[in-house]
Amino acid sequence: MKRVNGIGVSPGISIGRAFVIERKTMALTGILLQGEAEKKDEIEKFAHAVKASIEEVEGLKARAEAAREREGIDILETHIELLGDPQIEGDVTVKINEEGKTAQDAVIEVIGSVVQLFKDMDDEYMSGRAADVEDIGNRILKHLQDMSETAGSANMVSGISGAGGDRPAVSKPGGFPQQFEEDTILIAEDLAPSDTVSMDIKKVTGFATQTGGKTSHASIVAKSRGIPAVAGCGGELRTIVSNDTIILDGLEGVVIVNPGPELLDAYLAKREAYRQNGLLLLSLKDIPAVTRDGTSVKMLANISGPEDMEEVFGQGGEGVGLFRTELLFMGRDSFPTEEEQFGFYKKTALQSRQKPIIIRTLDIGGDKQWPYLGLPKEQNPFLGYRAIRICLDRKDLFLTQLRAILRAGVFGDFRLMFPMISSVQEIRRAKQVVAEAKAGLVAEGIPYVENMPVGIMIEIPSAAVTADLLAKEVDFFSIGTNDLCQYTLAVDRMNEKIRDLYDPFNPGVLRLIRYVIEQGRQHNVHVGMCGEMASDPLATLLLLGMGLEEFSMGPSSIPAIKNILVHNSVEAAKVICKEVMEMDSSQKIQAYLKAHLQEIRK
Ligand code: PEP
Ligand code: MG
């Protein structure tokens, strides 16, 4: 038996047989083209391979759409965009035309250097995107290979072994099998994002990879498709051979190879308990989240578009606490028009069963940078030109979005929310633009919602400590712990190197949260939370004890949080909160909350 430790990136337990995915690198052929006709031929081959690749990814995307796999759809859209990237096309063409390279060699070299560029980036999220570029490179190469095989010319694919030397090479294309046995657990150095989107999860019940982490696309897809996964296992994973018996524990981040009968039995029981617990939690779906002592708590969901609404109601969500509108602005080369935005928001409203939707205005900048935005390169993008700061500066963009939201609100129950607010003056300026948007709509005789409630995200410390002042300006607050935590602790939320410092249970963060909730209550301003902390079971009773009455989270987390709420009382939560707020370290706080959670789970 062998135990390999990694990072649990998608929860759950799988038991099955290993299937080891071998990665072979595809060497450069080193062939040099003779004459213009050959070059023209190769350019055409490249164009065909790109076209076939796009069609293939469109097919995968249609499948992901049918299965409503949001993350998968987003990733495949990025791939389609990358496949059509004019820079890549231009560079490949230059290599063929000016250097006499074959299409295959040109693709290997161009993709290889883009992959390296991403890998060299300090930011873990950005370096993780190398897998996407490699993925589309492999796809193009696979089609080039297919074409040359059909043409009967073997030299393109056999290559000149070793001719690549230290020249760039990408993984052998087409190496990902399409058919698997039941209960297969994939073992790989890394998985291409599109492989995780397309794999048959009736057969493949989990995977472990040597590289990757929580923000790798393969991990994100695993989580959204509900299959356990462990990433970042390192070279030890190489000792596994196909058909080894594997226990994959995505909860603890452990891979156990060829376990003994006792351990196997223990894990079979653990897997069953996990499944039963999931079913039990889902059975709470239609029960309102009311605590034992009768306090009603709102369970809302975070969404990115209309496709998410079915999942919201499927998990027992009572509405939307955060509609991140950025999705519509991604994967394109210009801003969406008012009509496009109106259509997108209206579609969401029509799916909402007239339940409340808190729609957040554009939160771009920071980690969300797209070329067409033309945002300047900044030393500290998270502290820079971002969200409401951009909107107040670029009134044209802001007005367009506000008009679309006000119009779409007619079809549902929208509440308008501004991100990244740091002062009373910003709220006033934003509301002034809302007034302008309304005046324009009145003048044009276009129907819109006149009395849409207006709220703000509390995610900057200055907003938290002036919650009493801000409360006089708005109808509601929503605490964004993701940013509040990074700004309070001066810890970049994307920087994996300092991830241990990123800690919502830090007493400083907790004091700010408590203050916001107290001030909201005093000033009759409704307070919710839409940051990740709202979905952390460890925090649930503490937040309830602080007086939080609205939790908003990814839909799949709703049942587990509701389960804690309905089995506890505000009275008991207040006692927990009082004790916690006297503690001086996150370690003590978390240990105390963990003990409580275990107690109530017994
Ligand atoms: C937050 O900051 O907590 C939040 C919900 O916003 P985002 O994660 O979109 O920045
Ligand atoms: Mg935020």
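Trainee: Which element gives the largest share of the shell around ligand 1?
Mentor: That's α18, with 3 residues. Keep in mind that this is a predicted model. Both β12 (320-324) and α18 supply at least two residues of that shell.

Trainee: And which residues come nearest to ligand 1?
Mentor: There are 15 residues around ligand 1, and R324, E459, G480, N482 and R493 come nearest.

Trainee: How does the shell divide into nonpolar, polar and charged?
Mentor: You get 3 nonpolar, 4 polar and 8 charged residues around ligand 1.

Trainee: What does R360 do there, in terms of distance to ligand 1?
Mentor: A polar side-chain atom of R360 sits 3.0 Å from an oxygen atom of ligand 1.

Trainee: How much of ligand 1's accessible area does the protein cover?
Mentor: 98% of the 290 Å² that ligand 1 has on its own.

Trainee: OK, on to the metal. Which residues coordinate the magnesium ion?
Mentor: E459 through OE and D483 through OD, at 2.0 to 2.1 Å from the magnesium ion (ligand 2). The two are 24 residues apart and link distant parts of the chain. E459 is in the loop between β15 (454-458) and α16 (461-465), while D483 is in helix α18 (residues 481-489).

Trainee: Is E459 buried or exposed?
Mentor: Buried, because its relative accessibility is 2% and the cut-off for buried is under 20%. D483 is buried as well, with a relative accessible area of 2%.

Trainee: Switching to helices. How many residues of α14 are buried?
Mentor: 10 of 14, so α14 counts as mostly covered. Among the buried ones are L397, F398, Q401 and L402. R403 and R407 are on that list too.

Trainee: What span should α14 (residues 395-408) have?
Mentor: At 1.5 Å a residue, its 14 residues should span 20 Å, and the end C-alpha atoms are 20 Å apart, so the two agree.

Trainee: Last one: how many residues of α21 are buried?
Mentor: 7 of the 9 in α21 (residues 558-566), a helix that is mostly covered. The buried residues include I558, P559, I561 and K562. Further along, I564, L565 and V566 are buried too.

Conventions
Residues are numbered from 1 along each chain as its sequence is written. Chains are lettered from A and ligands numbered from 1 in the order in which they are written. This is a predicted model: local features need pLDDT of at least 70, side-chain atom pairs count only at pLDDT 80 or more; totals for chains, interfaces and linings use all residues. Side-chain values use heavy atoms; hydrogens and water are left out. Donors are N, O and S atoms within 2.8 Å of the metal (3.2 Å for Na, K and Ca); water is not among the atoms, so sites may look incomplete. Helices (H or I, at least four residues) and strands (E, at least two) are DSSP runs, numbered from the N terminus. Buried means under 20% relative accessible area, exposed over 50%, partly exposed in between (1.4 Å probe, protein chains only). A residue is near a molecule or strand if one of its heavy atoms lies within 4 Å of it. A polar contact is a pair of N or O atoms within 3.5 Å; within protein, one must be able to donate a hydrogen and the other to accept it, and residues adjacent in sequence count only if both atoms are side-chain atoms. Accessible areas come from the Shrake-Rupley method with a 1.4 Å probe; for residues, only the protein chains shown count as cover. Ala, Val, Leu, Ile, Met, Phe, Trp, Tyr, Cys and Pro count as nonpolar, Asp, Glu, Lys and Arg as charged, and the others, Gly among them, as polar. The expected span of a helix is 1.5 Å times one less than its number of residues.
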